[in-house]
Amino acid sequence: MKKIFVITSILLGCAMMAAAQTRIEKKVATKASGYGVTYSLPKTSLLINVEVTKTTCKAGPYYKYAEKYLGVTDAVTEDRVDYELGKLTLTNKGIPDADQVYTVEFKAGTIAPYVYLTEDGLLCSINAEYTPAASPLEKATENETASKLSAAVLTEELLMAGSVVRQAEVAAKQIFHIRESRMDILTGDSENLPPDGEAMKLVIKKLEDEEAALTRLFTGTCTKETSYYDVTLVPQEDLEEEVLFRFSKKLGILDADDLGGEAVHITLKASERPPVLDAKEAEKKAKSMKGVIYNVPGKAQVEIKSGLKTLYKGEIPVVQFGTTESLAPVLFEDKKKPVKILFYPETGAIKQIIQ
């Protein structure tokens, strides 16, 4: 049975979020444990990460006069919230398979046999040091915030203006006055020039901030924040246009059964499977499965679409479409120079054998 879960996480401002690193534990096979270490093989869990940008726009109180006084034709005329579907990534994440739990056994006298496991028991290596790949930091989210209106720009004339149209007229005059003052300083025509270059920078910066704050009274403001949504899928069979989630430009990410948005579909088809064994061959293989059991994943073609737009397309390894094999116990019988094996913990497949 396929399972889909939606988990929401939001990144605000310029905060950086580090993806949690896999914790690795070293397990030493001792006499007390019968020289054995128990581990789990994984099954494939697909983690689909979706980037969504929310834009919140607020109209300024003088938006009706933006073109008349400032010549601005694209001012925000009404408050609105819009969502945009951004980058989509797919990660193959292994989760422990309760039906695939084994014990790797070593012979007594083997030199310090050990195994590296993830914190949930997935096999990483045997007799070899293992260091998980560092998890990259998420990109800083864009947040185009509007600075608050400085009290310095609220002059007595503006505060005393009675009607909105009069207030807009006064605000526009202030904007042009600020522009003239800045130009006079830059050209040296001002009677009270700053004493040095650093002071000039501060004065110019203050004038620019005041102009921007007053201009927003006409143009309005738009603020962006980026959120990341995770959808987890554990495939057991081929999927044909399965609804992952729905998306609305006005509401954002919605549950798969919420008809308020457009469906985002996933199609997953096995592209590589092991040959099917008959009953006799399966029985023979089962009897020979000794030593270290590992996965040989199959492969699947994946395509995720929103309407006619393809958001993701590629081929991925899928444990559920593969099989299991074993490494003969004789590999681990050399007491002086034990074999070293590295695995892919997310799939349970062999990465490297060092003898």
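This is a predicted model: local features need pLDDT of at least 70, side-chain atom pairs count only at pLDDT 80 or more; totals for chains, interfaces and linings use all residues.
Ground rules: residues are numbered from 1 along each chain as its sequence is written. Local features need a pLDDT of at least 70 and side-chain atom pairs count only at pLDDT 80 or more, while totals for chains, interfaces and linings use all residues; side-chain values use heavy atoms, with hydrogens and water left out.

**Exercise 1. Find out what average pLDDT the protein has, and where the pLDDT is below 50.**

Step 1: pLDDT is the predictor's confidence in each residue, from 0 to 100. The protein averages 81, and 79% of the residues score at least 70.

Step 2: Look at residues 1-22, where the pLDDT is below 50; beyond near neighbours in sequence, this stretch has 56 contacts in the model (a contact means heavy atoms within 4.5 Å). Residues 135-152 also have a pLDDT below 50, with 42 contacts beyond near neighbours in sequence.

**Exercise 2. Work out what secondary structure the protein has, and how much of it is buried.**

Step 1: Helices (H or I, at least four residues) and strands (E, at least two) are DSSP runs, numbered from the N terminus. The tally is five helices and 14 strands.

Step 2: Buried means under 20% relative accessible area, exposed over 50%, and partly exposed in between (1.4 Å probe, protein chains only). Of the 355 residues, 38% are buried.

Step 3: Take the contacts with a separation of 6 or more: 76% of them come from residues 24 or more positions apart.

**Exercise 3. Compare the spans of helices α3 and α4 with the expected values, and see what follows each helix.**

Step 1: The expected span is 1.5 Å times one less than the number of residues. Helix α3 (residues 164-187) has 24 residues and reaches 35 Å from first C-alpha to last, close to the expected 34 Å. For α4 (residues 197-219), with 23 residues, the reach is 32 Å, close to the expected 33 Å.

Step 2: Check for buried residues. In α3 they include Ala171, Ala172, Ile175 and Ile178; in α4, Ile204, Leu207, Leu214 and Phe218 are among them.

Step 3: Just after α3, glycine 188 takes a positive phi of about 85°. Glycine 220 follows α4, and its phi is positive too, near 85°.

**Exercise 4. Trace how strands β10, β11 and β12 pair.**

Step 1: Two strands pair if DSSP finds at least two bridges between them. β10 (residues 262-272) runs antiparallel to β11 (residues 292-306), with eight bridges joining them. Glutamate 272 stands opposite lysine 299 in β11.

Step 2: Move on to β12 (residues 309-327), which pairs with β11 in the antiparallel sense over 14 bridges. Here glutamine 301 stands opposite glutamate 315.

Step 3: The β11-β12 hairpin has two residues between the strands, and glycine 307 in this hairpin takes a positive phi near 65°.

**Exercise 5. Describe the pair formed by tyrosine 39 and tyrosine 102.**

Step 1: Rings of Phe, Tyr and Trp (its six-membered ring) pair if their centres lie within 6.5 Å; planes under 30 degrees apart count as stacked, over 60 as edge-to-face and the rest as tilted. This rule gives three aromatic pairs.

Step 2: Tyrosine 39 and tyrosine 102 sit 6.0 Å centre to centre with 40° between the planes, a tilted pair. Tyrosine 39 is in β3 (residues 36-58) and tyrosine 102 in β4 (residues 80-105), 63 residues apart, and the pair links distant parts of the chain.

Step 3: Tyrosine 39 is buried at 1% relative accessible area, whereas tyrosine 102, at 24%, counts as partly exposed.
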